[in-house]
Amino acid sequence: MRHRGVDSGGIGGDTLALEPAAETLQSLDPLVLSLLVVAVGGVAVGVWWLVRWLRRPPGVRLCNLLESRDEVAVLLHPNPDPDAMACAMGVAEIASSVDTDATLQFPGEIRHQENRAFRTVLGLELERIEAASELAAEAVVLVDHNTPRGFTGAQIVEPVAVVDHHPGNGTGTEFTDVRSEYGSASTIVAAYFEELDVSPDGDETADEPALSTALATGLLYGIQSDTNHLTRGCSWAEFEACGYLYPGIDEDLLDRIANPQVSDDVLKTKARAITDRRIEGSFAVCDVESVTNVDAISQAADELLQLEGVTAVVVYGEYDGTIHVSGRSRDDRVHMGETLRHAVSDVPMANAGGHARMGGGQIPVDYLEAIETEDGCGRAVFDDRLFEAMSGSRR
């Protein structure tokens, strides 16, 4: 009977191959061997910490950034809405938890009754600025927008951090979190608190930090306002964030913010949009002419979209030498941000854009009046452009 031998390529060969290595290790000085083991262990630990550091959640990374600063300016976009204000509140709370002073600042004005109610009911302290020199700190954190705008010197401001959900190319020098698939920026900030293991129930103990009732309420309202009560532009994250925040909210505060009194000029602008609208198919356009409250234009667009048979609307009006444009869509064929961008694409000094369901823009009055075609000029031609853009024939 022939026995199987073990050749040099089998187990015996492996054993022979290991013998020189074993002899080499035995010949090493014990101190050198110990240092080698420590070095290998140190490299392994270093790699583990590096992987862990790179995988830090965004909320932790923002917290670490804020902790490295003595003070920051949390900058909101012009004429801030509840989503922007709630985000600013959240960033300021994270800054406070690491002993960093945060000043909340904004350009423009707060005119919309809902926005004013949000600020008043939640006791939000905001500073209005007109120039970059008035920023409270060199370190600037942008919330709910990704490019500074609306004040003198905005173009030279380089934010250290950006937290936003709008499309755009703006970035922070040290931290950028732009999630354009989300329905609100408040959703992102709520996620930060989850990542930081902050309880939403308002019952703060020595061992477990908790959101204040005002902050939980503000973030929830910020989500609701930007998504039309979770019916427009939502992602799964909005519902998850609302579930997280719900235990800490105050329903009375929500009601007071959601049901403020409406001014006479807003009601008149809404009425004008309804009575003077021009309809073609399922699209509506209205020039509400001169307004005293620019936020009435967007509210009129919301109102006009409620008309039966209307799926997309654009309302525009003049305020302080500028035509302000506001569009709304519940039509899958009409991406409102792109619609408005195409409508003003060749108008000097005009800008427009936004999301699929909501968009806005501004045009200097003189440039709008200068628009000419063979069939007419000015605002009547602009109406035609808007209808063409909504129908997809203007690209």
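**Reading sheets, a helix and a pocket**

Q: In which sense do strand E10 (residues 322-329) and strand E12 (residues 358-364) pair, and over how many bridges?
A: Strands of a sheet pair through backbone hydrogen bonds, and the sense is either parallel or antiparallel. In this predicted model, E10 and E12 are antiparallel, with seven bridges between them.

Q: What order do the six strands of the open sheet with mixed pairing follow?
A: The order is E7-E8-E9-E10-E12-E11. Strand E7 (278-280) and strand E11 (351-354) are the edge strands, and each pairs on one side only. On average, and with direction ignored, neighbouring strands of this sheet are turned by 15° against each other.

Q: What order do the strands of the parallel open sheet follow?
A: Six strands make up this sheet, ordered E3-E2-E1-E4-E5-E6. Strand E3 (127-128) and strand E6 (175-178) each have a single partner strand, so one side of each lacks a neighbour in the sheet. Strand E5 (residues 161-164) runs parallel to E6 and is joined to E6 by four bridges. Val-162 stands opposite Thr-176 in E6.

Q: Which strands does helix H3 (residues 58-67) lie across?
A: Helix H3 lies across strand E1 (71-75), strand E4 (140-143), E5 and E6, and runs at about 145° to E6.

Q: Why is helix H11 (residues 295-304) described as largely enclosed by the rest of the structure?
A: In an α-helix, residues three or four places apart point the same way, because there are 3.6 residues a turn. Of the 10 residues of H11, eight are buried, so the helix is largely enclosed. The buried set consists of Asp-295, Ala-296, Ile-297, Ser-298, Gln-299, Ala-300, Ala-301 and Leu-304. These buried residues pack against helix H5 (113-121), helix H10 (264-275), strand E8 (283-290), strand E9 (312-319) and E10.

Q: How much space lies in the second largest pocket?
A: Rolling a probe the size of a water molecule over the atoms shows where empty space is left. Here the second largest pocket holds about 190 Å³. The pocket is lined by 11 residues, of which Glu-93, Ser-97, Phe-193, Val-198 and Pro-209 are the closest to its centre. Helix H4 (residues 82-97) supplies the largest share of the lining, three residues.

Q: Where does pLDDT stay under 50?
A: pLDDT stays under 50 over residues 1-11, and the model has five contacts beyond four places in sequence for this stretch. For the chain, the mean pLDDT is 87, with 83% of residues reaching 70 or more.

Key:
Residues numbered from 1 in each chain as written. Predicted model: local features only at pLDDT ≥ 70, side-chain atom pairs only at ≥ 80, totals over all residues. Heavy atoms only, no water. Pairing = 2+ DSSP bridges. Helix = DSSP H or I, 4+ residues; strand = E, 2+ residues; numbered from the N terminus. Axes fitted to C-alpha atoms, helices over the stretch in contact; angles between N-to-C directions. Buried < 20%, exposed > 50% of the residue type's maximum accessible area, 1.4 Å probe, protein only. Contact = heavy atoms within 4.5 Å. pLDDT = per-residue confidence, 0-100. 1 Å grid on protein atoms, 1.4 Å probe; cavity = no way out; pocket = protein on both sides within 12 Å on 5 of 7 lines; lining within 4 Å. Points joined across faces, edges and corners; volume = space filled by probe spheres on them.
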